[in-house]
Amino acid sequence: MQTEYRQRREQLMAKIGSGTAIFRSAPTAVMHNDVEYIYRQDSDFFYLTGFNEAQAVAVLAPHHPEHRFILFVQPKDREKEVWSGYRCGIDAAKEFYGADVAYPIAELDEKLPQYLEKANCIYYHLGRDRNFNDKILKHYQSLLRTYPKRGTGPTSITDPSTVLNNMRLYKSKIELDLMRQAVEIAVEAHNYALQTTAPGRYEYEIQAEIEHIFRLRGGMGPAYPSIVASGKNACVLHYIENKCQMQENDLLLIDAGCAYSYYNSDITRTFPINGKFTPEQKALYEIVLAAQKQAIAEVKPGNSFHAPHNAAVRILTEGLVELGLLKGEIDKLIAEEKYKPFYMHRTSHWLGLDVHDVGVYQHGENPQTLQPGQVLTIEPGLYIVPDTKPAEDQPEIDPRWVGIGIRIEDDVLVTAEGNEVLTAGVPKEIKDLEK
């Protein structure tokens with residue numbers, strides 16, 4: 001992996017030219033009082049370094065004559081390590097992570113100016129840590145004041161995401177291998193949940209089964225809070241309470257993904273708790289499945305990022321009209337977004353180091369073009385939310401539909417030939433979901 005990290009740094013440095021890029025590690029997060037959450041490194045920092053400790057700063061200075069990759073880290077401290085875990089330390093940061101030089105984090109203010117004074121731009125993301133933002137701004141302002149004496153130094157600050165996000169959008173073979181592992185673990189977990197779900201069990205039991213497999217198979221844990229939503233709970237898009245007892249004749253929607261070596265999977269399946277769809281559930285499910293299949297068919301090089309969503313919306317709208325939940329001419333209903341009370345979210349997002357991964361969806365008026373190496377989700381749904389008030393020109397909702405929520409989500413790789421559904425190992429055909 002160190003070769004991969006080095007290649008990423010070299011690629012970024014080639015793009016920033018005479019600039020200097022500064023990346024801050026993720027802060028520690030407090031769960032309560034003095035108890036911290038398990039540490040998770042900032043994705044950009046990890047993408048470029050593979051370094052997984054807090055209180056660190058990475059500097060890329062391609063114009064510097066000696067040090068192009070600089071790490072500032074916590075030094076070894078036996079007493080603190082006994083309590084909080086081993087640290088890499090200064091020497092190992094250089095040896096194992098490929099830094100040209102490494103310094104104690106306490107020396108950042110002293111050492112940083114030498115890597116900025118010949119740069120024409122500082123690449124830094126102004127994040128939520130105001131104190132660190134202020135630190136970088138002070139260095140920038142100081143160099144601006146002394147610019148007339150040197151005739152060199154940064155005259156602007158630019159967010160590195162303008163360059164880095166596009167790099168992260170295209171997954172390397174190593175990244176795809178890690179994502180496949182995250183998918184493989186999640187596929188096993190979803191399939192186990194399908195086999196063990198039954199009326200009378202609680203949502204949190206299924207969550208526990210899923211997340212047990214995530215950790216048992218070497219994953220870091222859930223990629224995001226697992227959604228295990230039975231009955232009308234499935235109409236809450238980000239339902240995470242997972243505390244209700246599952247009832248006969250209800251559906252169970254599971255939206256759960258595994259994090260593996262920082263890369264993520266993201267899968268949703270919806271199936272009958274008792275193993276048999278009701279007529280209404282089946283009718284809605286068939287529409288969502290048809291929409292998802294058509295959306296996946298639109299995932300191919302050269303197509304717009306919006307093509308899968310547009311395809312899904314059309315089929316969902318046609319289906320709602322056929323069932324009498326909407327009325328009107330299809331194109332007009334789509335243009336006026338009359339489908340939104342039943343389908344209120346988008347069909348896709350990028351997937352990678354972050355579950356909602358970086359990368360733009362739109363370049364001004366032009367949508368992002370799908371290209372090989374990109375990974376996105378395809379996740380249409382229909383939700384007949386209780387108490388939905390239809391528009392004046394739309395029919396009242398028959399109570400037999402109310403409380404049904406369905407979503408089907410797969411992770412899809414854009415390939416040179418079209419696409420690969422990475423998560424195809426979890427069944428979604430009605431014949432495979434019914435017992």
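Residues are numbered from 1 along each chain as its sequence is written. Since the model is predicted, local features need pLDDT of at least 70 and side-chain atom pairs count only at pLDDT 80 or more, while totals for chains, interfaces and linings use all residues; side-chain values use heavy atoms, with hydrogens and water left out.

**The cavity**

Which residues line the largest cavity? They are His190, Leu194, Arg269, Phe271, Val426, Pro427 and Leu433. Two elements, α10 (173-196) and β14 (267-272), each give at least two residues to that lining. The space inside is about 30 Å³, and the structure holds one cavity of 30 Å³ or more.

A cavity here is a set of points, on a 1 Å grid over the protein atoms alone, where a 1.4 Å probe fits but cannot get out; a pocket is an open set with protein on both sides within 12 Å along at least five of seven lines, and lining residues have an atom within 4 Å of a point. Grid points are joined across faces, edges and corners, and a volume is the space filled by probe spheres set on the points.

**The whole protein**

Stepping back, the protein has 15 helices and 21 strands. These are DSSP runs numbered from the N terminus, with helices being H or I of at least four residues and strands E of at least two. The C-alpha trace spans about 75 × 50 × 40 Å along its principal axes.

Of the 435 residues, 51% are buried; buried means under 20% relative accessible area, exposed over 50%, and partly exposed in between, using a 1.4 Å probe and protein chains only. Taking contacts (heavy atoms within 4.5 Å) between residues at least 6 apart in sequence, 71% join residues at least 24 apart.

The domain assignment gives domain 1 (1-167) and domain 2 (170-433), with bounds that come from an automatic or database assignment. Their centres, taken over C-alpha atoms, are 37 Å apart. Domain 1 brings 12 residues to the contact between them, and domain 2 brings 12 residues.

From the UniProt record, an unreviewed entry, comes the feature "domain: Aminopeptidase P N-terminal" at residues 1-133. UniProt positions are given in the numbering used here, feature names are shortened, and annotations may be inferred rather than shown by experiment. Over residues 1-133 the chain is 38% helix and 19% strand, with the end C-alpha atoms 30 Å apart.

Where does the largest pocket lie? It lies between domain 1 and domain 2, because both give residues to its lining. The largest pocket holds about 1,400 Å³ of space. It is lined by 40 residues, and Ala26, Pro27, Arg40, Asp42 and Arg128 are the closest to its centre. The elements giving two or more residues to this lining are β1 (20-24), α7 (130-145), α9 (161-169) and β9 (221-222). By class, the pocket lining has 21 nonpolar, nine polar and 10 charged residues.

**Some loop residues**

| Residue | Relative accessibility | State |
|---|---|---|
| Gln55 | 44% | partly exposed |
| Asn242 | 0% | buried |
| Asn249 | 43% | partly exposed |
| Glu329 | 46% | partly exposed |

Gln55 sits in the loop between α2 (43-49) and β4 (57-60). Leaving out residues up to four places away in sequence, Gln55 touches Ser25, Phe72, Val73, Gln74 and Ile105. Although Gln55 and Ile105 are 50 residues apart along the chain, their C-alpha atoms are separated by 7.0 Å.

Asn242 belongs to the loop between β10 (227-230) and β11 (251-256), and Asn249 is likewise found between β10 and β11. Asn242 has a positive phi near 50 degrees without being a glycine. For Asn249, also not a glycine, phi is positive at about 75 degrees.

Lastly, Glu329 is placed in the loop between α13 (307-323) and α14 (330-335). Glu329 and Glu318 are 11 residues apart in sequence, with 9.3 Å between their C-alpha atoms.

Methods
Ala, Val, Leu, Ile, Met, Phe, Trp, Tyr, Cys and Pro count as nonpolar, Asp, Glu, Lys and Arg as charged, and the others, Gly among them, as polar.
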